[in-house]
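Here's a quick tour to read with the model open beside you. Take it topic by topic and find each spot as you go.

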Protein chains: 2
Amino acid sequence: MSIQTRRERERAERERLIVTAARELAESEGWDAVTTRRLAEEIEYSQPVLYSHFKGKDAIMAAVAVEGFADLAAELRAARTSATGPRQALADVVEAYAAFAERRPALYDVMFTLAVDLPFATLQAPEALQQGFDELRQAVRPFAGDDDLEMLTETIWSGLHGLLTLMRNGRLRPEGHRQRLAILIRRFSS
Amino acid sequence: MSIQTRRERERAERERLIVTAARELAESEGWDAVTTRRLAEEIEYSQPVLYSHFKGKDAIMAAVAVEGFADLAAELRAARTSATGPRQALADVVEAYAAFAERRPALYDVMFTLAVDLPFATLQAPEALQQGFDELRQAVRPFAGDDDLEMLTETIWSGLHGLLTLMRNGRLRPEGHRQRLAILIRRFSS
DNA sequence: TCCTTTTGCTAGCAGTGCTAGAAACGAGAG
DNA sequence: CTCTCGTTTCTAGCACTGCTAGCAAAAGGA
């Protein structure tokens with residue numbers, strides 16, 4: 001029994017090692033630099049070891065994304081709960097979301113832009129993702145008016161996501177970034 | 001002189017052939033299927049011929065994108081000019097934009113999502129792109145209010161883009177799609 | 001007809017994700 | 001302490017990617 005559990009523990013540790021290495025490599029050099037060979041070298045094992053833990057590279061990326069959802073949810077929660085008043089809460093949550101996307105672009109990409117095989121807008125979605133969305137929903141609630149809260153939250157989220165991705169891909173001028181964010185918030189909080 | 005011009009004409013024709021083949025292949029089987037070998041086979045020339053026309057695969061994709069900008073601009077213009085009244089014009093332009101993105105996802109991706117080496121939010125941007133953006137700007141103008149028209153247009157565009165990309169990547173439930181679009185328009189046209 | 005220049009091809013490089021089959025390792029039995 | 005049997009891990013390789021050097025063929029001019 002003891003030997004078995006030790007092995008399982010070591011296996012779990014190595015799995016975490018893989019996910020962490022993938023995330024760090026992606027964040028420092030971009031996802032293009034995350035090759036199976038490079039990753040294997042980083043964890044000091046040979047390539048096929050990766051495939052004994054994950055079905056393929058996509059599965060590793062998905063695991064990184066799930067890790068990211070937890071981080072994002074925590075930061076959104078902190079922003080919302082420390083704000084004074086509903087108007088400030090919405091602004092702060094939006095600000096925290098934008099800051100996360102700008103500070104960790106590679107992580108953000110795998111969470112929301114790249115095609116990974118994960119359930120999203122369903123009950124099977126990762127719990128951390130649902131918690132993160134819930135933070136945004138709570139911040140939006142006071143401004144829902146006649147609109148359906150779920151739909152409104154999704155729409156604001158989309159607007160935010162669009163602003164951030166178009167900015168980072170060079171489709172929008174950086175100068176207007178903050179002003180556009182302000183317009184988005186103002187139009188959705190009245 | 002005549003021989004020279006004939007050669008140039010034939011070269012230009014072949015260049016169009018490459019771009020068209022790339023676009024059609026991408027639209028029918030996705031960008032993953034657009035490999036240089038596959039493309040070469042499609043145009044019935046060998047691989048290196050592609051590199052005598054374009055610097056690399058990215059340049060071919062950029063050329064496809066530019067073609068797409070012209071198509072989109074035409075559709076937006078048609079939508080705007082045939083609408084009755086400013087409110088309808090904005091709704092129709094948004095609708096036309098969404099329809100374009102949904103009908104031609106691969107083309108839309110290379111235009112607005114994938115990283116291609118093209119100037120965007122500057123005077124050096126492709127003319128068709130600027131014309132397309134101008135259609136949206138004209139439709140937004142009546143609703144600018146105190147907001148800067150340019151910024152407001154960019155913000156609406158981003159919202160639209162976010163809704164469409166998150167939808168297509170499975171991050172949003174398809175059921176609410178039209179409702180979310182309606183919320184976006186309503187919040188930005190008052 | 002011969003020569004020169006342009007044009008397009010064959011073959012190959014270094015890299016990718018992924019996998020089959022061999023080798024090394026570790027745990028228990030004698 | 002040694003041997004055997006299952007796991008675990010590695011080496012080597014496949015089929016593919018974008019891209020390019022250098023040779024062969026075609027075309028135009030003398």
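The contact between the two chains draws 27 residues from chain A and 27 residues from chain B, where two residues are in contact if their C-beta atoms, placed from the backbone, lie within 7 Å. This is a predicted model, in which local features need pLDDT of at least 70 and side-chain atom pairs count only at pLDDT 80 or more, while totals for chains, interfaces and linings use all residues. Residues are numbered from 1 along each chain as its sequence is written, and chains are lettered from A and ligands numbered from 1 in the order in which they are written.

**Where the chains meet**

- On the side of chain A that touches chain B, helix H8 (149-168) and helix H9 (177-188) of chain A each supply at least two residues; helices (H or I, at least four residues) and strands (E, at least two) are DSSP runs, numbered from the N terminus.
- H8(A) gives the most to that side, with 10 residues.
- Sorted by class, the side of chain A that touches chain B has 12 nonpolar, nine polar and six charged residues. Here Ala, Val, Leu, Ile, Met, Phe, Trp, Tyr, Cys and Pro count as nonpolar, Asp, Glu, Lys and Arg as charged, and the others, Gly among them, as polar.

**How the copies are related**

- Turn chain A by 180 degrees, with a shift of 0.0 Å along the axis, and it can be laid on chain B with an RMSD of 0.0 Å. Copies are superposed by least squares on the C-alpha atoms of residues with pLDDT of at least 70 in both.
- That is the relation of a two-fold axis.
- The same surface serves both copies, since 100% of the contact residues of chain A recur in chain B.

**A look at chain A**

- What is chain A built from, helices or strands? Chain A has nine helices and zero strands.
- Its C-alpha trace spans about 60 × 40 × 25 Å along the principal axes.
- Of the 190 residues in chain A, 39% are buried. A residue is buried if 20 or more other C-beta atoms lie within 10 Å of its own, exposed if 12 or fewer, and partly exposed in between, with C-beta atoms placed from the backbone.
- Among contacts in chain A with a separation of 6 or more, 61% link residues 24 or more positions apart.

**Helix H8 up close**

- H8(A) has 20 residues and reaches 29 Å from its first C-alpha to its last, close to the 28 Å expected at 1.5 Å a residue. The expected span is 1.5 Å times one less than the number of residues.
- Because 16 of the 20 residues of H8(A) are buried, this helix is largely enclosed by the rest of the structure.
- H8(A) is followed by A:Gly170, which has a positive phi near 80 degrees.

**The nonpolar core**

- The largest nonpolar core has 110 residues, and A:Val93 and B:Val93 have the most contacts inside it. Such a core is a set of buried Ala, Val, Leu, Ile, Met, Phe, Trp, Tyr and Cys residues joined through C-beta atoms within 7 Å.
- Leaving out residues up to four places away in sequence, A:Val93 touches A:Leu76, A:Ala79, A:Arg80, A:Glu135, A:Leu136 and A:Ala139.

**Next to the DNA**

- H3(B) gives the most to the surface near DNA strand C, with four residues.
- Around DNA strand D there are 17 residues too, and A:Ser46, B:Thr35, B:Thr36, B:Gly56 and B:Lys57 come nearest.
- Near DNA strand D, the largest share of the surface, four residues, comes from H3(A).
- The surface near DNA strand D has six nonpolar, seven polar and four charged residues.

- A:Glu44 is in the loop between H2 and H3 of chain A, and it has a positive phi of about 60 degrees although it is not a glycine.
- A:Glu44 counts as exposed because it has 9 C-beta neighbours inside 10 Å.
- A:Leu114 lies in the loop between helix H6 (105-112) and helix H7 (127-140) of chain A.
- With 15 other C-beta atoms within 10 Å, A:Leu114 is partly exposed.

Definitions and conventions: Near = placed C-beta within 6 Å.
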